[in-house]
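Please find below a note for a reader who is new to this structure. The points are numbered and may be read alongside the model.

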Amino acid sequence: MYSYNTVLELCKLADEHHTGIWEIVLNNETEYFGKTRESIFSELRGRLAVMERAAYKALERPYDTVGNLIKGSASIQERYTRENGGICGSFINHAMALALSSCEINAAMGKVCAAPTAGSCGILPAVLLSVRDRYALKEAAVLEGMLTASGIGAVVMKNATVAGAEGGCQAECGVAAAMAAAAAVHMCHGTSQMCANACSFALMNVMGLVCDPVAGLVQLPCAMRNASQTVNALISADMALSGAPCLIPADEVIDAMYRVGKVLPQTLKETAEGGIAATPAGKRLSSKIFGGA
């Protein structure tokens, strides 16, 4: 079994064995859990199916959520994509719609794949599916992307956190973007170092992002951050694939993210006591939903 605790070690193992990060992760899974490669790929297909259903389910019609703070956001975005294409073009706008759909389904108590959390459930699926469709990739490439993402996520869990209550939204949506960026790089035939660089770029771009859900619900601004961090993942992947240098190693960025999360005040870590949640409009929405002054 390959042993790794950092992104650097993960990349070194991949390079030493002339393979990708995904293969190192897969080998560890087979050895640690005593499963076959085929059984692991079967489980990945099951998770991918959950991701795909959630990413497309709310594109055609709205779903009721508590307070309906994001009801219809996905279908509105998808309609705009089809009718207009948007400033950023149909690829980016459709990817955002996929992310919004997963968030809407999550808020409607539907089934999602927490990757790494339910609050960030739209980012990895949106990136995987949009990159797959853009390049007409086979399922194997998507599954390898999922394994690549899981390797990055495992390192973050080992050395930092993915919990908004502990590290802010940078630890939820930010880490999801880092995982997705690495997956996208692999799916586009990037090197293991490029995957690591994409992880770095994505986390740098979101450093310090607070967790401030209105009314304590995982809807607003959570869904919009899923959409924006989907875009963050895609542009971070592009920067890495371009060969742009990354002067701060991924492991140091992960450590920085963790330290920043530690010093964030509790009001900005999922308590709904600060940020957007504490605005006059945010308070009015909370009172409307749950009552109170």
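1. Ser286 is partly exposed, at a relative accessible area of 24%; this class lies between buried, under 20%, and exposed, over 50%, with a 1.4 Å probe and protein chains only. The residue is found in helix H13 (residues 280-290), where helices are DSSP runs (H or I) of at least four residues, numbered from the N terminus. Ser286 and Ala215 are 71 residues apart along the chain, yet their C-alpha atoms are separated by 4.5 Å. Setting aside residues up to four places away in sequence, Ser286 touches Ala215 and Gly291, a contact being heavy atoms within 4.5 Å.

2. On the basis of the note: this is a predicted model, in which local features need pLDDT of at least 70 and side-chain atom pairs count only at pLDDT 80 or more, while totals for chains, interfaces and linings use all residues. Residues are numbered from 1 along each chain as its sequence is written, and side-chain values use heavy atoms, with hydrogens and water left out.

3. Which residues have the most contacts inside the largest nonpolar core? They are Val7, Leu124, Leu128 and Leu203, in a core of 91 residues. Such a core is a set of buried Ala, Val, Leu, Ile, Met, Phe, Trp, Tyr and Cys residues joined through side-chain atoms within 4.5 Å. Helix H9 gives the most to this core, with 15 residues. Apart from neighbours within four places in sequence, Val7 is in contact with Ile152, Val155, Ala196, Ala250, Asp251 and Ile254. In soluble globular proteins, nonpolar side chains tend to be buried together.

4. Helix H6 (residues 123-135) is mostly covered, with 10 of its 13 residues buried. Among these buried residues are Leu124, Leu128 and Arg132. Against which helices do the buried residues of H6 pack? They pack against H3, H5, H7 (139-159), H9 and H11. The end C-alpha atoms of H6 are 18 Å apart, which agrees with the 18 Å that its 13 residues should span at 1.5 Å a residue; the expected span is 1.5 Å times one less than the number of residues. After H6 comes Ala136, whose phi is positive, near 50°.

5. Helix H5 (residues 89-107) has 19 residues that should span 27 Å, and its end C-alpha atoms are 27 Å apart, in agreement. Because 16 of these 19 residues are buried, H5 is largely enclosed by the rest of the structure. Just after H5, Met109 takes a positive phi of about 65°.

6. His186 lies in helix H9 (residues 169-187). Is His186 buried or exposed? With a relative accessible area of 15%, His186 is buried. Leaving aside neighbours within four places in sequence, His186 is in contact with Trp22, Glu144, Gly145, Thr148 and Cys195.

7. The structure holds 11 salt bridges, each being a side-chain nitrogen of Lys or Arg within 4 Å of a carboxyl oxygen of Asp or Glu. One of them joins the side chains of Arg82 and Glu60 (2.8 Å, N to O). This pair links distant parts of the chain, 22 residues apart: Arg82 is in helix H4 (residues 73-83), and Glu60 is in the loop between helix H3 (37-57) and H4. Arg82 is exposed, at 55% relative accessible area, and Glu60 counts as exposed at 57%.

8. Two further pairs deserve mention. Lys262 and Glu166 meet through their side chains in a salt bridge (3.2 Å, N to O). Lys262 lies in helix H12 and Glu166 in helix H8 (residues 164-167), so the pair ties together parts that are 96 residues apart in sequence. Both residues are partly exposed, Lys262 at 46% and Glu166 at 29%. In the salt bridge of Asp64 with Lys71, the closest N and O atoms are 2.6 Å apart; Asp64 counts as exposed at 52%, whereas Lys71 is partly exposed at 39%.

Note on methods. Helix = DSSP H or I, 4+ residues; strand = E, 2+ residues; numbered from the N terminus.
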